2 protein chains.
Amino acid sequence: MDGQMLKPMDAEQLREYGHQMVDFVADYYKTIESFPVLSQVQPGYLRELVPTNPPTHPESLQDVLDDVKAKILQGVTHWQSPGYFAYFPCNSSTAGFLGEMLSAGINIVGFSWMSCPAATELEVIVLDWLAKLLNLPDSFLSIGNGGGVIQGTASEAVLVALLAARDKKLKKIGKDSMRKLVVYSSDQTHSSVQKACQIAGIHPENFRILKTDSSTEYALSPEVVLNAILKDVASGLVPLFLCATVGTTSSTAIDPLLALGKIAKSNRIWLHVDAAYAGSACICPEYRHYINGVEEADSFNMNAHKWLLTNFDCSALWIKDRNALIQSLSTYPEYLRNKASEANVVVDYKDWQIPLGRRFRSLKLWMVLRLYGQEGLQSYIRNHIALAKQFEELVIQDSRFEMVTPRRFSLVCFRLLPRSTDENQADKLNRALLDAVNLAGTVFISHTVLSGKYVLRLAVGAPLTEERHVIAAWKVLQEKATALLEGNVAQEPNGHAQLSNGVVEVDGALDNGVTTEQHGHVDDLPIKSK
Amino acid sequence: MDGQMLKPMDAEQLREYGHQMVDFVADYYKTIESFPVLSQVQPGYLRELVPTNPPTHPESLQDVLDDVKAKILQGVTHWQSPGYFAYFPCNSSTAGFLGEMLSAGINIVGFSWMSCPAATELEVIVLDWLAKLLNLPDSFLSIGNGGGVIQGTASEAVLVALLAARDKKLKKIGKDSMRKLVVYSSDQTHSSVQKACQIAGIHPENFRILKTDSSTEYALSPEVVLNAILKDVASGLVPLFLCATVGTTSSTAIDPLLALGKIAKSNRIWLHVDAAYAGSACICPEYRHYINGVEEADSFNMNAHKWLLTNFDCSALWIKDRNALIQSLSTYPEYLRNKASEANVVVDYKDWQIPLGRRFRSLKLWMVLRLYGQEGLQSYIRNHIALAKQFEELVIQDSRFEMVTPRRFSLVCFRLLPRSTDENQADKLNRALLDAVNLAGTVFISHTVLSGKYVLRLAVGAPLTEERHVIAAWKVLQEKATALLEGNVAQEPNGHAQLSNGVVEVDGALDNGVTTEQHGHVDDLPIKSK
């Protein structure tokens with residue numbers, strides 16, 4: 001490239017380089033099992049490998065791709081690896097990838113209808129399609145007062161729902177009443193709800209984290225919610241917003257939507273349903289009952305980028321009263337004024353979200369729905385749930401382990417039992433098992449804590465995961481468990497053992513079987529975030 | 001694809017389909033000049049063309065691509081067309097496109113360091129690189145207490161800066177003081193600041209929109225700011241946040257950073273600098289002086305996706321006190337806990353932004369900086385500014401037009417002069433000219449209002465724009481101006497004329513020359529947003 005007359009968008013260069021990149025990505029997927037699923041690099045690794053300053057002169061694509069191979073990929077945690085079982089999945093697919101390519105290729109900014117009519121209209125249509133797959137009530141469709149919108153993440157979805165609820169309520173009770181507004185969630189609700197409250201200025205003392213336990217399988221109890229509401233009302237506070245979850249992050253608990261909806265309605269509370277992960281399963285008729293009661297909700301959210309093959313980001317939010325959202329989030333500066341908006345005959349999605357600009361994300365969801373069809377997507381979900389069930393059976397068959405909560409979708413919550421009944425010992429054992437398994441490189445699982453117990457989470461959901469990967473994951477877990485149990489674990493509570501990601505565990509519980517694969521100490525780290 | 005056993009991520013299918021999509025995108029750019037720049041479809045057009053329900057069975061890629069050609073592209077406003085001069089540009093480039101492909105291919109979620117170390121570390125490094133290109137003070141770099149982060153848009157950047165400022169202040173003066181916090185901006189500040197205030201719960205009466213006029217070329221006057229602050233302090237209010245803009249949306253006005261910074265500092269106000277558009281120009285030494293004084297700011301933002309060849313979205317935010325951001329936005333649920341975060345040796349970007357999840361956006365910025373280099377990017381910016389200067393000279397040479405504000409970067413603000421001094425007449429004339437020009441199909445320009453005058457905006461900045469396109473844009477403007485001036489415009493103030501995008505203008509000022517290209521009336525529109 002000639003620095004004196006840059007031609008950054010030459011169609012033939014895009015073609016040539018684009019083909020190279022397609023091969024690079026396809027080859028990545030062909031070799032993806034050769035990488036440790038969880039990156040094993042040390043903090044600050046990349047700074048040692050790249051220049052301190054940007055280049056003055058243009059470099060070649062080959063140089064960059066060589067660097068991706070030599071420097072970047074070792075620092076990637078491979079979410080698309082078939083051995084990825086951590087957190088929740090974040091699916092990539094050929095259709096989703098193609099949709100991203102097309103969106104990046106056209107590269108429009110769809111803030112208003114006029115700025116790219118197809119982007120807005122396809123989004124309206126495709127969100128209606130997805131609502132129909134989920135059998136959502138018509139009140140969430142665009143034909144009435146509702147409608148769907150693609151947010152980046154479930155965090156943004158719950159934030160905009162909260163803002164709509166907040167401003168609708170303040171309009172009634174006066175804008176000086178902010179201090180009185182109360183938000184309800186459970187101790188299993190995603191942290192994004194607390195963050196949304198912080199952002200929206202809900203007073204910290206007015207965010208209720210209601211307790212759950214194993215008696216309801218970690219679901220919110222309607223009685224607990226109602227009592228909290230009544231107490232707040234008696235104190236002169238104003239109940240505003242309740243977040244119910246279908247498929248909590250820790251253990252896929254299901255809050256009872258129907259009962260919570262009736263409480264919300266009679267107390268004029270906005271009910272938001274977070275089905276970020278489990279929503280995808282509800283396109284299968286046999287799982288649809290988990291969102292029964294959604295007709296009582298004011299807003300409903302699921303992440304197509306989690307488990308519905310739509311590359312990140314694509315979080316679908318439906319709302320019954322779109323005017324509440326628009327009134328809370330709309331701005332209309334002169335430089336964006338146009339006749340279509342003024343005639344009030346179009347959707348301007350800038351008023352449904354935090355940012356002004358937005359990508360053409362409906363393309364990828366549209367391509368996923370078309371290239372895979374309802375049947376393909378259902379079979380995909382069912383396959384993962386069957387694999388999780390198979391893993392669950394393996395856990396049950398091994399008396400050294402226990403299932404901690406019932407498996408509903410594709411997440412299995414389990415733990416290794418300690419030799420004593422010492423819960424502290426149990427936690428250490430499972431922490432050590434998690435680290436040992438993740439260091440082995442073939443799988444990546446994560447953890448949570450339920451009722452004070454440290455619990456391992458294995459979520460089936462990567463697009464390449466097959467039965468053999470689930471079996472292999474179980475084998476690694478068994479092997480590492482055996483090593484830990486036989487290795488006289490936690491006999492050296494003050495021993496230093498170094499763990500994955502280069503961080504030294506001071507109060508470690510690891511034996512030699514784990515530490516053999518470790519890296520050196522971390523010195524002089526250039527980056528400190530807190 | 002077999003619906004019974006979906007294999008959504010087969011490397012060879014991705015390769016085959018990916019190559020098809022590369023050719024599709026390359027062909028799009030080869031033929032981009034054949035499309036009207038501003039889409040001419042009617043609201044609701046797409047609903048007539050696509051099925052009401054999603055497909056049950058998988059469809060072929062060819063079917064989808066055929067539909068993109070036949071149904072989607074007519075509804076696209078072509079931001080990458082060389083005839084695109086509206087709003088501000090939103091650049092696509094081969095490097096940016098390749099970065100998006102790679103990011104979508106790897107498809108990770110980089111909420112914490114551990115979830116993909118390379119994503120976090122490359123972002124830290126590349127934001128340092130870009131800061132060096134902009135010659136930002138070291139206090140914004142990651143080596144000290146500052147650092148950079150990629151936000152989706154400038155709206156999110158100003159929102160997180162405001163939240164950091166708000167919570168830092170409330171920590172000092174007490175969380176019950178929300179009602180007292182005051183935010184300052186000008187009547188030229190981007191609407192995202194007002195929206196950020198709405199979201200953050202700043203009391204509507206405490207958002208100051210300070211007046212500017214042509215005497216300062218629409219820049220904020222330090223005296224006006226200081227007076228407003230003193231008045232608020234005298235009323236017992238607490239000045240919190242000032243947004244200064246380098247390159248306002250309407251006319252690229254430059255607020256005086258140095259003077260405003262001193263006022264902000266002495267009044268303990270957070271100064272945020274919004275250089276969303278003009279920041280890119282500051283990589284050229286000859287334009288760097290426009291951000292002199294940035295050393296006084298607490299946060300600085302520019303959009304690499306606007307004018308620095310990085311596909312949307314990529315908004316770079318630097319902050320001096322990253323802890324303020326983190327303390328405002330961090331959450332740390334059990335299921336995300338990990339040793340690297342706990343050891344406090346890594347950046348977890350989830351705590352620097354609204355969403356939890358995030359894409360690997362640094363890849364595209366890295367590829368842009370490497371494939372084009374500092375020199376290539378500077379030449380790109382300079383070329384656009386030279387083209388804008390050329391357009392400015394054409395405007396000046398035609399006595400029927402006037403320049404409304406001085407041109408600084410690549411935006412020209414001008415208008416057609418009316419035959420009388422009637423400003424109402426002038427507005428009608430320029431509205432009609434805008435519509436006529438945008439209907440012609442070869443260019444898309446936009447407008448603003450300055451000191452009550454309707455003004456046309458032509459922003460050079462699309463990656464394919466060459467001298468011939470700027471000349472052609474001027475020719476269309478001249479032709480349509482001639483037709484309007486000769487056509488006895490606005491003699492029929494109550495005549496109905498139908499405008500672009502299918503919306504009927506009731507109080508129109510158009511003549512026959514404009515209405516000949518119109519479409520039919522809009523009936524029974526399925527979508528209503530407000």
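A residue is termed buried when its relative accessible area is under 20%. By this criterion, Arg322(A), Ala324(A), Leu325(A), Ile326(A), Ser328(A) and Leu329(A) are buried in helix 10 of chain A of the predicted model. Helix 10, which spans residues 322–329 of chain A, is thus mostly covered, with six of its eight residues buried. The cover over these buried residues comes from both chains. In chain A it includes helix 5 (154–173), strand 5 (270–274) and strand 7 (315–319), and chain B contributes helix 6 (191–200).

The same surface serves both copies, since 100% of the contact residues of chain B recur in chain A.

A lysine in chain A carries an annotation. In the predicted model, Lys306(A) is found in helix 9 of chain A, which comprises residues 304–307. The relative accessible area of Lys306(A) is 17%; because this value falls under the 20% cut-off, the residue is classed as buried. When neighbours within four places in sequence are left aside, Lys306(A) is in contact with Phe88(A), Pro89(A), Cys90(A) and Asn91(A), and also with Ala276(A) and Tyr277(A).

In chain B, strand 1 (residues 147–151) is mostly covered, five of its five residues being buried. The cover extends to both faces of strand 1 of chain B. Gly147(B), Val149(B) and Gln151(B) are buried on one side, and Gly148(B) and Ile150(B) are buried on the other. Strand 1 of chain B is joined by five bridges to strand 7 of chain B (residues 315–319), and the two strands run antiparallel. Within this pairing, Trp318(B) of strand 7 of chain B is the bridge partner of Gly148(B).

A bend of about 90° is located at Gly373(B) in helix 13 of chain B. Of the 36 residues of helix 13 of chain B, 26 are buried, so the helix is largely enclosed by the rest of the structure.

Key
Residues numbered from 1 in each chain as written. Chains lettered and ligands numbered in written order. Predicted model: local features only at pLDDT ≥ 70, side-chain atom pairs only at ≥ 80, totals over all residues. Heavy atoms only, no water. Contact = heavy atoms within 4.5 Å. Bend = angle between axes of the 7 residues up to and from the residue. Helix = DSSP H or I, 4+ residues; strand = E, 2+ residues; numbered from the N terminus. Buried < 20%, exposed > 50% of the residue type's maximum accessible area, 1.4 Å probe, protein only. Pairing = 2+ DSSP bridges.
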